[in-house]
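Let's take a friendly walk through this structure, going from the meeting of the chains down to a pair of side chains.

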Amino acid sequence: MKSKFKNKLIVVSFFTVFILTTGCESELEPEVFSDLTPENFFQTEKDFNAALVALYSSFSIDWGGPDPGVGIWYTNLYNANNRTYLMRSGLTTDELWNDWDANILNFTWGPATFSGTGASTYSRIRYVARATDIIDKIEKSSVNDLIKNRYLAEAKTLRAWLMYILYDFFGPVNAKIDPETLSDTEIIPRWTDAEYTAVIEQDLLDAISTDELPESYSGTADWGRVSKGLARMLLLKLYMHKKDWPKAEAAGMNIIASGAYSLNPSYDDVFITSSNTELIYAIVSNDAVPNWYMQHLFPGGYAQGFAGSKSIERGGGWYGFSMPWEFYDKFEDGDLRKNTIISEYTNSAGELVDRDNGLRGAIPLKYTSIEGNGPDYAIDWVIYRYADVLLSVAEAINEQRGPSDAYQYVNQVRDRAGVSGWNGLTQEEFREAILDERGRELFAEGHRRQDLIRHSKFIERAIERGATSASSKHILFPIPAEVMLEGGGIIEQNPGY
Amino acid sequence: MLFGQSIFAHSANIGLVHNQRAQQEITGVVLDESGSPLPGASVVEKGTTNGTQTDFDGNFSLLVSNNSATLLISYVGFEAMEVLLQGQNTIVVNLKESASELDEVVVIGYGTSNIKETTGAVANVKVTDILQPSNTSVDQMLQGRVAGLNLSLSSAQPGARVNANIRADISPRGSGEPLYVVDGVPIINSSPEPGLDDSDLGFFGGVDRSPLSTINPADIESVDVIKDAGTTAIYGSAAANGVIFITTKKGKAGKTTVDYRVTTSIQNPKDYIEFLDAEDFMRQHNRLAYDRFLFDNKYAPYGAQNPPTDGFTPFFSESEIENAGSGTDYVNGLIRSGFIQEHNVSINSGNENTQVYSSFNYFDNIAIVKNSDFQRYTGRFNITQKLGERINLSVKTNFSQINSNNASTGANSGGSEKFNMLQAAYAFAPNIPVREEDGSYSRTYNNLITNPFAFFEIDDELRTNRFSITPKLDVELLDVLTLTIVGSMDRTSSTRRFFMPSVVENAQLPEGSAQLATNRNDAYTGEAYFSYSKSFAKSTFSAVLGAGVYKTLGDGFSLQAVGFFTDALGADNVGVADQLLRNRQNSFRFETNRLSQFARLNYAINGKYIFNGVLRRDGASNFSDNNKWGIFPGVSAAWRISQEPFLENTKVSNLKLRVGYGEVGNVVLADNALQLYEISGAFTFGNVVQPGVVLSQVANTDFKWETNTSIDLGLDFGFFEDRISGSVEVYEKRAKDLIDFDPLPSNNAVGRVVTNVGSTRARGIDIALNTINILTDSFEWSTNFTFTTSRAEWVERNPNVALPDYVGANDDINAIYGWETDGLIRSLEEVPNHMAGAFPGNIRFVDQNNDGLLDENDVVNLGTWGAGINFGIGTNFRYKNFTLSAFAYGNSGAPRGFGFFPNIFSISNSTPSNTLTSVKDVWSFDNPNGVLPGIASNPYSGNNPTGTTDFLLEETSFLRIRNINFGYILPITDNSKLPFRKVRFFVDLQNVALFTNYDGFDPEFDVTNPYPQALTSTLGVDIQF
């Protein structure tokens, strides 16, 4: 009896062990709870929107974050970090000065400067591939045409914009635009200039011809989305960059003709009133994603200063960016645009500080509606606006056939600034004048580097400022060291590096 | 000569009276030296499996084959004894307490072994020998105790994690942490304590908590460290870095005893890193700001032109400086004397059928940094119950609660404007008083830095509850076969409540913010295994075969609420927070399942030649589709040379040669090999922030674990009856199929894919030596010593990752690469040709190849991070009723930087921040002998591909006297008529002294803002009733 029980027990226990061993193989299927997988993503219209938002995120005014596909922390393109696409487009020029990054200030940068976390701008090449993927997925999807075409136009404009930014800093790169090659691991060489810019041009033309893409989102809840106006503006920028003056003129005239944009009557209000009709694109800022530009401007002991007649009171900031006095002096007396710049201030000890006793440069505040100590403010960051269109059209006309037709455009901008209109200039005089005019109108908006390069003044001005290492190679930034290493000779470095 | 009968926990050589052909009944009693009965002692007829156990009063009776048989009598912790019967029918045996550790039982996974018979590299630590008051977890006491077990405290904060590593970490990307097995059950080696959402705050706050801090060290009987893969392979895919077994106490049959221990400790902070006082701060600011003015304008010495006489106005006037005095010492304002109070009660009771160990512990540490207090309650109830002749049940339960504050120390993520408490104290200008005239907290010149004392207003409470229950059922199916069923539920939940009121005046969150978070970790285990053991005339065979199922899961949620119109509600009603755009909520969940089968065979011939084989098969949900199952074998063998006739009657009491080989796995958790879309990158349209989704990971269905193999050779020795004993072990371990990333082209959406490629190797030596120097009735003196050294290097690298020229294919894993330096450039004339454009005060880099350029061709190997040698030395004295023990550990040959450099940038700018006193050593034209680099930015630093130089890098060594304990045992005899059985008073000192050639703060904490250290002095008493 006892041994029977024992045998049973042995059988039962072996059975138990057997169950434990084999009974729950299905338990071994992996389950993902907090991320999405191919099984549950890219299905609905909202999924595509979320994928588009990720493309937009490169343009967020938020500082940045680790690239999810690499894990390296990168800054976004347009915020006040001194290493962004936006700020480097100003800090390498005569309009802004900053000494936090000696290699940039002194034109001693090299491939290492743009490597690792310094590859923030170059790393956007991955978002070109992501955009290509999304364009492909939207095209193949079954969402309704209204949404489909609009999303396609948005994705193409964003891809073109990212590609243009890369082109501006690095020249044509080997961005992936064919969805079939997205997961290839083969290293491909850089595109030729013509191939590369043709892709940008075609994407923008596709977007412009999309009926479902609105001309402008001014004053709507979708403010911040890519509009047809932005696609047209990017096309204008591309043509200006390539000095294709007839196409540039036509692209600019299309924006003027669209009627969607106009000059704001007051210069300082351009940077105060959110989504006013002069703005073609601005990055939305609010308490969740505040604007830190202003904090970078103020000297430590700052207490009060005046932007025109407007009293600007706040505590000190980081004193990172200053407008050199040489640049400030390009403004003539009475130029209303100077009313957005602070040239002297009272410090916390009650003493006046100006250019003669320690103020390193003017404070290019631009956004004069700030209230309180900050440090950050919920103020949209202006990227593209109608005044730039007028100045670009004027420049394109002057380059083709001299200034006579161009005055009507440039003088709209000068009138608003409260300074007298131009006339009677030679083509060469107009060319030099418009470069300065663009500086006065668009300072600290991220256009100066392109403008100086287009006018072949970028290196010359740097040497004048004391960056004696500057040479023609610095017109483009170098391809990051790790990309060269990976390229194994297939990817060419920019000349001189 | 010690006797070597094996004691297998589940072996069947006990209690087997009924079916023996008996001829003679022997009765007897087994007592200890003082005459107290030893219940449960083993009595076996030599050369047979015939045996029994003593009862509650130490009595036994056994039928033996004839009256000239020999009985083997053994009891854990006592020297075993052979008794030749010579016709006696009744015997009285007095066992001597074991003086040698060699009699100890060690846990080897699914069973135990006598340490003399183990074939693997196993070290056993009796926690009573190392128990130190004022430590929160047992791992903090193990530093230097086991050769090859290298520990480093992540922070001196109470309850902080100890990073453990057994023999060289050879996994560059995988974990180097061992597996912890508590009472037979693997635990999750992380604490679920929620951190702070740092996106607005900019700092994390809190501490990486040891998961062992929830276990009362006084409840732990022993810690067994298994180092070789030949033995750990029975834990398969989890065992790559060795296994640490923690066994809690269980009740013993016998008279009920109550132990009460109370200790009070005072913690005196050691000297912390020094910061400038007010006067020096103002002077150093003026000096460096002027130097910066010269540099910015390229005046001499940075340029040819002399500075104008009136170009620079010092920020601080001479009279302000003279009146400043020393100002406020913000750093030391955060540090105070700490106190620890601990009460520990344990009750031990039992009879033949039921044995209970239960305890309660209260530990309260008012920490030396304000707002980092630690309070813990633990309760334990371990019961062993006999459910019949052949069935035993044991249930171990543990409950603990940790309540802690969480001072924000350590690194931060938000730059200077989001400093944590300690960083803020570093930076805050010492000439500014704590309060404004209106009573509010003052601000420093950089007005974004929160006043360090304002951090005291923050309410940050963390409560962690852990409950675990581990029932275990042993069923003796046959005399030689036992079935063991183990279950376990281990649940930890942790809740954080954080409230920063508006009085803090945080620049980012001026209207206050709250965070609430709860995380949970659960682990469920079910295991069943058979243990078979049979002794033959000249050999013993034993085997284990079993299976297990494991589930771990975790989840959590957190929220941030911003903007409180009142501070009155704290975090208790976050619904009132009105800055909705800055409010945030998050949640997560994960789950992993694992199935396993395992087996062990052990065969011993004549007690001399022992063979051991283990095998495990693991399948897990976090293994990829094409590698669902892994098999991990281990073999080992030992030759007990001392059992050979030629060593009988010599001074050699123990000599054993062992050799082993095994393969184990190193698994990365998470779903690294799946294609994933991550919620990443938000953007704002209108006024609405929308989430983005990005392809973040591409699939690799072949991805699997790293495989570690190791070959071990060990020699255990004992001389003069083990008065001198120890071991020497050499090993080589290799990792192959390393977890790595294959880079994808820079123009692809995803930049990398996980893969298994490459191989590393470590070779090392572990030495342990224990000596009993003096052993008399009134005076005992023993010492122990551990020594370990290893070198880990690359064998094969990922061929898809291009190596820079300066990296050698087989370099050390932790090799340091960088530029050599040659002091400072002290004038424009001294600027070398290869550094044209450099400035005085710049570090002079060495142009290795003299090509006039500084680039990656000038990078050289500067050494290897980590210590070459680790060691520990302990010594114990007893003179009559006095005891004295001391323990020290250290390491040697570790390259360390200077610690950290003064921030000359922030002290010299227009909103100056305070910095280290070493700023006085910063070179400037008026401090020409300064040794630290000056204000001028070095135009060549950006060309250094590694960013590392050997500037002030030196090899350091240290010896830390960790612990000195002095005790006195009250002489109590049976007729003292005191209600106590034993009373021991003791004084204990922790972190007594540090000897080092290191110039920085502390060689064990070379992070930038470490938690301060303390000397802890404890007065305590142990009372046994």
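Where chain A and chain B touch, 88 residues of chain A and 76 residues of chain B take part in the contact. This is a predicted model, and in it the area buried between chain A and chain B is about 6800 Å². Carbon and sulfur atoms give 61% of that buried area.

What about charge pairs? Side chains of opposite charge can pair when their charged atoms come close. How many salt bridges are there between chain A and chain B? The count between these two chains is zero, while over all chains it comes to 90 salt bridges. One of these joins E437(A) to R337(A), with the closest N and O atoms 2.8 Å apart. The two partners sit in distant parts of the chain, 100 residues apart: E437(A) belongs to helix α14 (residues 427–442) of chain A, and R337(A) lies in the loop between α11 (325–328) and β6 (345–347) of chain A.

Now turn to two helices of chain A, α2 (residues 45–56) and α6 (residues 145–170). Their axes come within 10 Å and cross at roughly 15°. Angles under 35 degrees count as roughly parallel, which means that α2(A) is roughly parallel to α6(A). The crossing of the pair is left-handed.

Which residues meet there? From α2(A) come E45(A), F48(A), N49(A), L52(A), L55(A) and Y56(A), and they meet I147(A), Y151(A), E154(A), A155(A) and L158(A) of α6(A). Sorted by class, this contact of α2(A) with α6(A) has eight nonpolar residues, one polar and two charged.

Terms used. Residues numbered from 1 in each chain as written. Chains lettered and ligands numbered in written order. Predicted model: local features only at pLDDT ≥ 70, side-chain atom pairs only at ≥ 80, totals over all residues. Heavy atoms only, no water. Axes fitted to C-alpha atoms, helices over the stretch in contact; angles between N-to-C directions. Helix = DSSP H or I, 4+ residues; strand = E, 2+ residues; numbered from the N terminus. Parallel < 35°, antiparallel > 145°, perpendicular 65-115°, else oblique. Left-handed = near helix turned anticlockwise from the far one by under 90°. Contact = heavy atoms within 4.5 Å. Nonpolar A, V, L, I, M, F, W, Y, C, P; charged D, E, K, R; others polar. Buried area = accessible area lost by both parts, 1.4 Å probe. Salt bridge = Lys/Arg side-chain N within 4 Å of Asp/Glu carboxyl O.
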